[in-house]
Amino acid sequence: SGIPLAQSLEVLGEQVGHKGLQTIILSVKEKVSQGSYYWESLAAYPKVFPKIYIALIRAGESSGALETMLKRLTRYLEDAEHVRRLIKSALIYPVVVVCLGLGVVILLLAFVIPQFEELLKSSGQELPGLTQFVIDLVGDGIARLDEFFSGIEGGADAVAERIKRASIAAAEAATQFIRLIGNQVRLLVE
């Protein structure tokens, strides 16, 4: 491409808006400037760069085809992001249907079943065992529904926050970094 890797990394370090990623890029640039292999410099950040990225860059660097490997890695990351978006959009409809279905069931259990209970009791008939079981279950369930959903919500929030902080930040940083390098290579080649 004609521009040394260290110089490209310096340009990327200046362009990136994320402070943490900027620090990593400039650190990688320093290591490369001091004679380290590019893949070794990336391997110093295992939480940011997955092993597969490092292995591909190592193979590209060893074979003298780093530019080609970076292009392939960039294309892979873009395709993976596209697939992620497709999966998210494909899951929206089933999630909405399930939520609506649960909402209808909860409404039936909360409002319709109690009315049937009053109607059957006012007619003086003894309720069948299964009907009485459902009415008792619904009555107890509605009383504890708020506690149940509060517990689920709290647990889900805690798990989501932990996952978000740990893996998503690292994956986004690595993806952005590789994309930036791939785009830089693309610009240099064109």
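A: Ser41 has 0% relative accessibility, so Ser41 counts as buried, the cut-off being under 20%. The model is a predicted one. Ser41 is placed in helix H3. Leaving aside neighbours within four places in sequence, Ser41 is in contact with Val28, Lys31, Val32 and Ser36.

Next, the core. The largest nonpolar core has 21 residues. Val28, a contact of Ser41, is among the core residues with the most contacts inside that core. Leu9, Tyr38, Leu42 and Ile57 are also in that group. Helices H1 (5-15), H2 (19-33), H3 (38-43), H4 (51-63) and H5 (66-122) each give two or more residues to this core. H2 supplies the largest share, 5 residues. In soluble globular proteins, nonpolar side chains tend to be buried together.

Now the aromatic side chains. A pair of aromatic rings is described by the distance of the centres and the angle of the planes. The count here comes to 1 aromatic pair. Tyr37 and Trp39 form that pair, and the rings are stacked. Their centres lie 6.4 Å apart, with 20° between the planes. The planes count as stacked because their angle is under 30 degrees. Trp39 has 17% relative accessibility and therefore counts as buried. Arg58 lies over the face of Trp39, at 4.1 Å from the ring centre.

H5 has 57 residues, which should span 84 Å at 1.5 Å a residue. The C-alpha atoms at its ends are 82 Å apart, so the two values agree. H5 also bends by about 35° at Leu109. Buried residues in H5 include Leu66, Met69, Leu70, Leu73, Thr74 and Leu77. An α-helix has 3.6 residues a turn, so residues three or four places apart point the same way. After H5 comes Gly124, with a positive phi near 85°.

Finally, the whole chain. The protein has 6 helices and 0 strands. From the N terminus on, its elements run α-α-α-α-α-α. Of the 190 residues in the protein, 23% are buried. Take the contacts between residues at least 6 apart in sequence: 57% of them join residues at least 24 apart.

One of its contacts is Val28, and Val28 belongs to the 21-residue core.

Definitions and conventions
Residues numbered from 1 in each chain as written. Predicted model: local features only at pLDDT ≥ 70, side-chain atom pairs only at ≥ 80, totals over all residues. Heavy atoms only, no water. Phe/Tyr/Trp six-rings, centres within 6.5 Å; stacked < 30°, edge-to-face > 60°. Buried < 20%, exposed > 50% of the residue type's maximum accessible area, 1.4 Å probe, protein only. Lys NZ or Arg CZ within 6 Å of the ring centre and 35° of its normal. Core = buried A, V, L, I, M, F, W, Y, C linked by side-chain atoms within 4.5 Å. Helix = DSSP H or I, 4+ residues; strand = E, 2+ residues; numbered from the N terminus. Expected span 1.5 Å × (residues − 1). Bend = angle between axes of the 7 residues up to and from the residue. Contact = heavy atoms within 4.5 Å.
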